[in-house]
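Have the sequence and the 3D view open while you read.

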Amino acid sequence: MSHRIVIVGGGAGGLELATRLGRKLGKSGAARIILVDANLTHIWKPLLHEVAAGSLNSSEDELNYVAQAKWNHFEFQLGRMSGLDRASKSITLAPTLDDDGQVLMPERRIAYDSLVIAVGSTTNDFGTPGAAEHCIFLDTRAQAERFHRRMLSHYLRAHANEGEAGGKIDIAIVGAGATGVELAAELHHAAKQLAAYGLNRIRPEDMRITLIEAGPRVLPALPERIARPVHQTLEKLGVTVLTGAAVSEVTAEGLKTADGNFIPASLKVWAAGIRAPGFLKDLDGLESNRINQLQVRPTLQTTLDDDVFAFGDCAACPQPGNDGRNVPPRAQAAHQQASLLAKSLRLKISGQSLPEYRYRDYGSLISLSSFSAVGNLMGNLTGSVMLEGWLARVFYVSLYRMHQMALYGTLRTLLLMLSDRIGRSTEPRLKLH
């Protein structure tokens, strides 16, 4: 019987790993590859801020897991992991319900020889009162589309009230990391596009965007030489940037900060902090940390079980010689780890020792919609190179194309690029529904 590799989580890392293993092991019959995800389609998570603003039509950029599995020689199982039995080497999938609450697929178990957990992360509201009730998180396509519908509703209501003065819309974004910064710029771009399409009873300057950061500056995880021009560009766009402002409570009307200020907002997005899904905490005795990440060794095997791997945002992987810090939860880390695991699992099947993961930082790129982009690239030959403007934007777009290349191959990615270019000339620049 062939070796069964079960991958839980169809995000960028999990889907790339399933695709690579399917092509290498599934096609030859050397292993049976099974990908599990709670959704039928995949969209690259760094694009969700564009879905929220309406700059990206998610139905056009999504990938269907069933089709991807057929094309790349792995199996897809729809479901959400709810339990693990390491003794019997099986996972449990919770029942899947349809839109009417009827059981679509019952609870079931899937056996494995090697298990890879790649369920990513969710937003961490740090227990802030009112955050879960009144803020929208941007963890999933559904949440991003929900924000877009709410924003569009404000515009349509204002447009319908012919006899009234122009309306205003207050949007607050908590967290000035990459997601918060990029969303703020994308929303400013959306305001201009909506006015250009005739929904101009809310003028671009009447979409008042406030970006709130508890730390001393925007983009706290990136070098200050990147953060400084980003802050300046946001302010030029009219975004109010508040640093050193910790949110203490969220209400239906707005947000209260620890220093006593109140920020009115009808739309509120929480984009500060991450944690791994709660079901990973004490998962059949596996070690986890305070934000539910599974503790792994440099081989990406969990500390207590050689047959259970974890990678990406849901794994706490140590960085040797880096003051005990873990690998940062970034897309490039998940991509690197997926590439390593594609080799490691082939070695494991043949009984060989596994290589250790070493994180390599290739730099960071931040998109400020059509207005600008900024970042730095890092390499052995070039050192650290600062990028701004159109060149940084080109490199930023190329990151998504690299993700597509890993999933589709060169020819299909080129065809997708051609299709995107044709589509831009025949479709509105903003999703208007």
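What follows is a walk from the inside of the protein to its charged pairs.

Keep in mind that this is a predicted model.

**The cores**

Let's start in the middle. The largest nonpolar core has 56 residues, and Leu17, Ile91 and Ile117 are the ones with the most contacts inside it. Helix H9 (residues 331-349) gives the most to this core, with six residues. Take Leu17 as an example: leaving aside residues up to four places away in sequence, Leu17 touches Ile7, Val116, Phe311, Ala338, Leu341, Ala342 and Leu345. Apart from that core lies another one, of 49 residues, with Ile169, Val181, Ile209 and Leu267 among them.

**A helix and its neighbours**

Now find helix H6, which covers residues 141-160. Its 20 residues reach 28 Å from the first C-alpha to the last, close to the 28 Å expected at 1.5 Å a residue. Several of its residues are buried, including Phe147, Met151, Leu152 and Tyr155. What do the buried residues of H6 pack against? Their partners include helix H2 (48-53), helix H7 (178-196), strand E13 (169-174) and strand E14 (207-213).

**A hidden serine**

Is Ser367 buried or exposed? Ser367 is buried, because its relative accessible area is 0%. You'll find this serine in strand E25 (residues 363-368). Not counting residues up to four places away in sequence, Ser367 touches Glu182, Ser372, Ala373, Arg393 and Tyr396.

**Rings**

How do you describe two aromatic rings side by side? You use the distance of the centres and the angle of the planes. This structure holds one aromatic pair. The rings of Tyr65 and Phe76 have centres 5.0 Å apart and planes at 15°, so they count as stacked. Tyr65 belongs to helix H4 (residues 65-72) and Phe76 to strand E5 (residues 75-78), 11 residues apart. Tyr65 is buried at a relative accessible area of 2%, and Phe76 is buried too, at 16%.

There's another ring to look at: the charged end of Arg412 sits over the ring of Trp71, 4.2 Å from its centre.

**Charged pairs**

Side chains of opposite charge can pair when their charged atoms come close. A search of the whole structure finds 17 salt bridges. Here are some of them:

| Salt bridge | N to O distance |
|---|---|
| Glu16 and Arg20 | 3.2 Å |
| Arg32 and Glu75 | 2.5 Å |
| Lys348 and Asp307 | 3.0 Å |

Where do these partners sit along the chain? Glu16 and Arg20 are four residues apart in helix H1 (residues 12-26), so about one helical turn separates them. Glu16 is buried at 3% relative accessibility, whereas Arg20 is partly exposed at 29%.

Arg32 is partly exposed, with a relative accessible area of 33%, and Glu75 is partly exposed at 28%.

Lys348 lies in helix H9 and Asp307 in strand E23 (residues 305-310), so this pair ties together parts that are 41 residues apart in sequence. Lys348 counts as buried at 19% relative accessibility, while Asp307 is partly exposed at 23%.

Finally, Lys168, Arg203, Glu205 and Asp206 are linked in a network of salt bridges.

Terms used:
Residues numbered from 1 in each chain as written. Predicted model: local features only at pLDDT ≥ 70, side-chain atom pairs only at ≥ 80, totals over all residues. Heavy atoms only, no water. Helix = DSSP H or I, 4+ residues; strand = E, 2+ residues; numbered from the N terminus. Buried < 20%, exposed > 50% of the residue type's maximum accessible area, 1.4 Å probe, protein only. Contact = heavy atoms within 4.5 Å. Expected span 1.5 Å × (residues − 1). Core = buried A, V, L, I, M, F, W, Y, C linked by side-chain atoms within 4.5 Å. Phe/Tyr/Trp six-rings, centres within 6.5 Å; stacked < 30°, edge-to-face > 60°. Lys NZ or Arg CZ within 6 Å of the ring centre and 35° of its normal. Salt bridge = Lys/Arg side-chain N within 4 Å of Asp/Glu carboxyl O.
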